[in-house]
Amino acid sequence: MPPHRPLIPEWERVANTASKPYYMFTMPIHKSRNDDRDYRIIQLDNGLQAMVVHDAKADKAAASLDVSVGHLYDPDDMPGLAHFCEHLLFMGTELYPRENEYSEYLAKNNGNSNAFTGTSNTNYYFSVATDALPGALARFAAFFHCPLFSPSCTSRELNAVDSEHKKNHQSDMWRIFQLNKHLSKPGHPWSKFGSGNRDSLSKVGRDLKAKGLLAPSTPSVPKSADGSLATTPTSSRVPSPTPSSFSTSSEMDGDGGSVGRETRRRLVEWWSKEYCAGRMRLCVIGKESLDELSSMVAELFAPIPNRGQDPLPMINDHPFGPNERASLVSVQTIMTFHAVEVSFPLPWLASQWRYQPGNFLSHFLGHEGPGSLHSYLKNKGWITALSAGPQNLARGFAMIKITLNMTKLGFDNYREVTLTIFKYLNLLRSSNFPAWYQREISLLKATRFRFAEKRRPDDYAVWVTEHLSWPVSRELVLSAPQLVWEWDETDPVNGGEGEMRQVLDSLTVDRGRVVLMAQKDVHERVRGASEWESEPWYGTEYRVEKLDAGFMAEAQAPNDIPELFLPGPNEFIPTNLDVQKRPVDQPLKRPLLIRDMPRTSLWHKKDDTFWVPKAHVLIDIRTPEANSSARASVMTRLFSDLVNDTLTEFAYDADLAGLSYNFSAQTLGVSVVLSGYNDKLHVLARDVFERVRNVQLRAERLEVMKDQAKRDYENFYMGPSFRVSDYYGRHLLTEQQWILAEKLAEVSSITIEEMEAHAARLLSRAHSRMLVVGNMTRDGAIQLAETMENILDFSPMDPSAMVDTALIPPDGSNLVWKTVVPNQNEPNSSLAYYMHIGSYLEPRLRVTSALLTQILSEPAFNVLRTREQLGYIVSLSQMVSPGESNIGIRIVIQSERGPVYLEERVDAFLEEMKDKLEDMKAAEFREQQAGLERRWREAAKNLGEETNRYWTQIDSGYLDFLRRDHDASLVKSITKADVIAMFMSRVHPSSSTRAKIAVHLHSQKPRPKKIGLAAMEAFEALLVDKGIAVDTQKWREELTGEGEPLLTQFGKYWQETLSSLSPSISPEVAQELMAALPGIMEKNPADADYEGTVKEGVRFVEDPKAFKASLRRADPPRPLVNWDDLPQSKF
């Protein structure tokens, strides 16, 4: 195949003996003035295009590769194949055959990785320590030219995809997303089921098998079209040294039998066609020079073949046809909420990158200031939130959506709510738009681009690769997505306004779709009972009807609501963007205490690193009234909601102008966070403080906030089971925390009079901790603190009286709190398994614990998720207690298996890790030490990250600002013996001093019964005893290829088989044989039905409150360092 030469003349051929040749784009890349990185775009002879980024200050490298095919390019008969490819691609390569080679390498080198399958693209990415980039990139590149797609992993990754789908099955977001896809015009690829499940990926194989078209014997391993898929030279799968006594036989594992082999064959066939080098866009960020990075990319990625495919396949046909428009879709939700979404077709957004008309119109539709849709509907008591924006659905088509979260009253009036959206659009169509609207938007984007700060390198690499596909000149690939052109006022047709008018004129009721969301009883209360249809993949109940003629007529009439009008100029646009930059020899590593008064401790650090005209202000106001009871805790939350409710109109312009605030309830009081351009930060701060002090509580808004709080509490329990179990686990170890069920019991009966009394008490006596970081002087910070004190005017209190306090489980304890998953339709149980390590304040213990956690985390994922297939959600991490006083190791698993069984497998994993630690070579241990040290040496990437690091120490009260540096210096002194000693005393199940507590959350949804191999063989023996000839190979191939079959599947097979032997076997004999199955299964239980055995010595927590009262309280916090910033520091 000839080299794929770029057609643009600004490309230069680079050929040297050090690496493969490539083409280099010679024009300078347009970047932010604040960006100190160097950029280069290159293109390899195989068509792969890459952006290499030299960052001299980087302490973390990263890469992302984007392939321009996603799930819309799945074969019609195999939904989810692109997603399955993303999963199986990670399971070893010819060059690096071990299935966890990549993840293990990254884990040792302070790295991590992930991938996602979109509609039109699939993105793979990682981050790693800078000096480990070459090794990581070599392992990464091999995925795209010599993956193994190991047959032994097929069945397990099918299970992983299936588990991921089941994780999302009760999620309204996923359900409604798929329903909108399902309701596309017939045959449109948008309707495809993207995530896939085992059924969708195996159906072709099962159908072929049923027709006798699949060979039952194991075939030779197929190779890809270019011959890269060689048989694994060594097994990529390492057997568990501690297998479950109920582990499946090899016959029911591995390649998934003939059906699994067919799925893999189709995958290899699809990959060999669709994963073409010309469809790949790569970004690599490292410390190496641009020449070195270019050579590395050329050498490692040149082997990827170009298969002659369209580099950027487009789908220009929109899924909304005439039959899908002007429709009302009612959909039943799992969670308790009321919402309406109005959507309209748009062209692909990237094609309109200059003037971005979708964003321009969303500026008005989503506005929250006076005259806006939001303001009008909120004042009517109909909505609690509104969002609007354009969204690319796929490469080729997009959508603009207006989504409103409604109150109960709003849902009762959903018709008027929805009509208001169309009336506002009619107002826009009849309005003149002075050019200053677009100029204002352009200015704000330009300012944001000019002062853009760095972010995590893997996030940035993903952003770059996704935007390399934009149809813009290569020098604009960074700037075009972030900037917008002003209108050319001399050319109203082609100068920007005409394009906007064209889009606006398309946002009409006859082209839109309305989706109404609520639970079934709410729909039927408001709209009456009717027949519901069911979406095939999630079972979402819905109904579709055409918008009636009366609605259509009203929606097309001119706006008649006088309260709707266009916004005025934004007074918060910053005008002073000067940065007070003073050269420093070495940036300060901590803030300084500049004011310590009875009411406020103020910490400050003038920015000496990032040099942007921004500041971050964090204020923690602690008060004993905030959380004194469950009812008080709810009222504090409602108070913060009501304050925010009154601030919306005023603060929205500030938010648009890059200046945001957050006022929220906390366990110990309330907090105020202000961040953004510092020019007008004091204006916003003063208004926030005045609203907090003088907010007028209104009974009708209180009812709205109570209803929202009630729904939030209820919906948490309807969420993923692993979140609920983890929440319960933290609750057991936190002294002053009211569980959501207690809050739920209080919220409905709270009165406006109670709220007024609580608001008066809340800030009558308090102490605040305040941190200011950024482009603000010491005097400016002090002035801000004084403004806060003068306006809020609270009496002082002892700051040590209000602290987060952890509870500590006793040594030698093995505790379990068991309860049920609240959502009765959630198939997944979960386990939260916590092992207490000790004080977070003791440096050697803290560092040893972090090193042990790092060593265990990657094997936990590899063993419990990848190898044992317990479920999609598996994590092992360090858990820091409330108040930052203590630490432990936490394992969280969500699975269709029961929590007792999950705990058994965790204990087996820990037993396996004992051997791993003892056998670990000195070189590997040093790699782990170096990886952890590099993580702690990482510099903050932006002002926000730096602020958060300081705040952790101020909020806890320990003030140990240099902890990361000290801990990093300590890592190398920790020995392997230290790690093993901690593991054996605090983690291993055999330890008599281990303090362990687990939360067992049991699913209430019965699992379909399965039948194990032993029972199937016993049933076969019964048939043989009756003189019935049995084709052993046939039933094993039919029933065991995908693991243990469902009992219903097994029963159906034998009923049909026995019926086919009639009349030699009478129906009575057949019925007698089938009736023997329950007894056989009782004697030979299926592996999948084994629920585990509770270990001897486990103590169950029967009364959580009494249990918490019995635990030892952590010591109150104290400063670990006396910084002597003030002559007489009182903190």
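## Contacts of S506

Leaving aside neighbours within four places in sequence, S506 is in contact with F344, P345 and R511 in this predicted model. S506 belongs to helix α15, which covers residues 497-506. The side chain of S506 also reaches back to the chain itself, lying 2.6 Å from the backbone oxygen of V503.

Is S506 buried or exposed? Its relative accessible area is 15%, and because the limit for a buried residue is under 20%, S506 counts as buried. A further distance places S506 relative to N825: the two residues are 319 positions apart in sequence, and their C-alpha atoms are 41 Å apart in space.

## Annotated domains

The record places "Peptidase M16 N-terminal" at residues 52-187. This span is 38% helix and 17% strand, with 40 Å between its end C-alpha atoms.

The feature "Peptidase M16 C-terminal" is placed by UniProt at residues 263-436. The record assigns "Peptidase M16 middle/third" to residues 449-746. Here the chain is 40% helix and 17% strand, and the end C-alpha atoms are 47 Å apart.

## Helix α1 and its surroundings

Helix α1 spans residues 81-88 and is mostly covered, with eight of its eight residues buried. The buried residues are L81, A82, H83, F84, C85, E86, H87 and L88. Which elements do the buried residues of α1 pack against? The partners are strands β6 (112-117) and β7 (122-128), together with helices α4 (154-168), α6 (198-210), α7 (257-274) and α25 (843-867).

The packing of α1 on α7 can be described geometrically. The axes of α1 and α7 are 10 Å apart and meet at an angle of about 95°. Because angles of 65 to 115 degrees count as roughly perpendicular, α1 is roughly perpendicular to α7. On the α1 side, the contact is made by L81, A82, F84, C85 and L88. On the α7 side, T263, R266, L267, W270 and W271 take part.

Strand β8, residues 280-286, is mostly covered: seven of its seven residues are buried. In a regular strand the side chains alternate between the two faces of the sheet. In β8, M280, L282, V284 and G286 point one way, whereas R281, C283 and I285 point the other way, and all of these residues are buried.

How do strands β4 and β8 run, parallel or antiparallel? Strand β4 (residues 49-54) runs parallel to β8 and is joined to it by six bridges. Strand β5 (residues 61-67) pairs with β8 in the antiparallel sense, over six bridges. L282 of β8 takes part in both pairings: A50 stands opposite L282, and L282 is also the bridge partner of L65.

## Positive phi values in loops

Two residues other than glycine carry positive phi values. Q869 has a phi of about 55°, and Q869 is located in the loop between α25 and β25 (873-880).

For L959, phi is near 55°. L959 is situated in the loop between α28 (943-956) and α29 (963-970). With a relative accessibility of 4%, L959 counts as buried, since the limit is under 20%.

Methods: Residues numbered from 1 in each chain as written. Predicted model: local features only at pLDDT ≥ 70, side-chain atom pairs only at ≥ 80, totals over all residues. Heavy atoms only, no water. UniProt positions renumbered as here; feature names shortened; annotations may be inferred. Helix = DSSP H or I, 4+ residues; strand = E, 2+ residues; numbered from the N terminus. Buried < 20%, exposed > 50% of the residue type's maximum accessible area, 1.4 Å probe, protein only. Contact = heavy atoms within 4.5 Å. Pairing = 2+ DSSP bridges. Polar contact = N/O pair within 3.5 Å; in protein donor to acceptor, adjacent residues only side chain to side chain. Axes fitted to C-alpha atoms, helices over the stretch in contact; angles between N-to-C directions. Parallel < 35°, antiparallel > 145°, perpendicular 65-115°, else oblique.
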